[in-house]
Amino acid sequence: MTDPIDSAVIEQQLRHRSVRRFLDVPVGEAQLERIVEAAQRASTSSNLQAWSVIAIRDPERKRRLSQAIGGRDYVERAPVFLVWVADLARNAELLRAHGAEPETLGLIENTLLGAVDVGIAAQNALLAAESLGLGGVFVGGIRNAPEAVSAELRLPRHAFAIAGMALGTPDPEEGTGIKPRLPLSGVLHAEVYDPERWREATGRYEQDYRDYFETQGVPDRSWARTVVSRLGSAAGLHGRHAMRASLRAQGFDSE
Ligand SMILES: Cc1cc2nc3c(=O)[nH]c(=O)nc-3n(C[C@H](O)[C@H](O)[C@H](O)COP(=O)(O)O)c2cc1C
């Protein structure tokens with residue numbers, strides 16, 4: 001008997017696409033709570049559960065956040081905008097309550113721990129939302145203005161907004177397709193890391209990427225150029241090059 005390779009979960013995952021346009025339909029509280037329950041079931045480092053999520057429905061708050069990070073209409077138009085927070089504040093308070101100093105919280109290991117916990121939980125939430133017929137998009141742009149975001153959300157020390165997530169009912173008019181990924185050989189290595197695998201795969205991907213955007217009515221797109229514009233200079237970071245200072249201001253010294 002061959003091993004199964006299909007399941008409803010995998011089919012859902014393979015259908016993922018980011019959604020940036022939403023119908024004017026609210027996301028109910030029961031749905032939202034269910035989605036966050038699913039996020040909570042995600043693995044979490046040492047069960048520290050080092051994250052929180054803030055659900056924002058107030059149009060004015062969404063507008064202020066959008067403006068602070070450079071204007072993102074999907075933040076303003078999403079019926080609910082989630083902000084995923086690396087949160088060691090709870091743990092810091094527990095430490096103090098038990099007579100311990102939170103002396104390790106300033107280590108970069110714990111910055112990573114919080115960010116990884118957030119990523120895993122947030123992706124669980126997006127998948128859960130997609131399985132309910134909703135759609136959404138991660139918004140790393142929330143890190144464009146950490147000070148303003150922390151102030152708007154009243155984040156305490158040891159809490160830092162890692163990612164936003166616009167969530168709602170997809171507008172079918174948006175019409176985006178499923179964006180291709182690198183060929184599997186570009187990411188899957190056997191036993192040891194072999195750059196030859198992705199050298200060949202990135203070449204092939206350049207064509208897949210171009211072909212996909214052609215179908216979306218966007219000619220001459222290049223993955224290589226996307227990478228260069230995103231990573232090739234600090235300008236592509238929209239202010240995030242100063243992240244260490246922003247993290248420190250929230251108690252993530254990241255030493
Ligand atoms: C951490 C993270 C941050 C992201 N930030 C943004 C963002 O600020 N704005 C945006 O339009 N898309 C954002 N995205 C969505 C990616 O652009 C998208 O996932 C990628 O292009 C692949 O497209 P797909 O999700 O439709 O397959 C983000 C994705 C992740 C995982």
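The following legends describe close-up views of a predicted model.

**View 1. Packing of helix α8 against helix α9.** Helix α8 spans residues 195-215 and helix α9 spans residues 223-231. Their axes lie 8 Å apart and meet at an angle of about 100 degrees. Angles of 65 to 115 degrees count as roughly perpendicular, and α8 and α9 are therefore roughly perpendicular to each other. On the α8 side, the contact is made by Thr 202, Tyr 205, Glu 206 and Tyr 209. Helix α9 contributes Trp 223, Ala 224 and Thr 226. Classified by residue type, this contact of α8 with α9 has four nonpolar, two polar and one charged residues.

View 2. Strands of a sheet pair through backbone hydrogen bonds, either parallel or antiparallel. In this open sheet of four strands, the pairing is antiparallel and the order is β1-β2-β4-β3. Strands β1 (51-56) and β3 (135-139) form the edges, each pairing on one side only. On average, neighbouring strands of the sheet are turned by 25 degrees against each other, direction ignored.

**View 3. Pairing of strands β1 and β2.** Strand β2 comprises residues 80-87 and runs antiparallel to β1. The two strands are joined by six bridges. For Ser 52, the bridge partner in β2 is Val 85.

View 4. The residues around the ligand are His 16, Arg 17, Ser 18, Arg 20, Tyr 74, Val 137, Phe 138, Val 139, Gly 140, Gly 141, Lys 179 and Arg 181.

**View 5. Polar atom pairs between protein and ligand.** A polar backbone atom of Gly 140 is 2.7 Å from a nitrogen atom of the ligand. For Gly 141, a backbone N or O atom lies 3.1 Å from an oxygen atom of the ligand. Lys 179 places an N or O atom of its side chain 2.7 Å from an oxygen atom of the ligand.

Key:
Residues are numbered from 1 along each chain as its sequence is written. This is a predicted model: local features need pLDDT of at least 70, side-chain atom pairs count only at pLDDT 80 or more; totals for chains, interfaces and linings use all residues. Side-chain values use heavy atoms; hydrogens and water are left out. Axes are lines fitted to C-alpha atoms, for helices over the stretch in contact, and angles run from 0 to 180 degrees between N-to-C directions. Angles under 35 degrees count as roughly parallel, over 145 as roughly antiparallel, 65 to 115 as roughly perpendicular and the rest as oblique. Contact means heavy atoms within 4.5 Å. Ala, Val, Leu, Ile, Met, Phe, Trp, Tyr, Cys and Pro count as nonpolar, Asp, Glu, Lys and Arg as charged, and the others, Gly among them, as polar. Two strands pair if DSSP finds at least two bridges between them. A residue is near a molecule or strand if one of its heavy atoms lies within 4 Å of it. A polar contact is a pair of N or O atoms within 3.5 Å; within protein, one must be able to donate a hydrogen and the other to accept it, and residues adjacent in sequence count only if both atoms are side-chain atoms.
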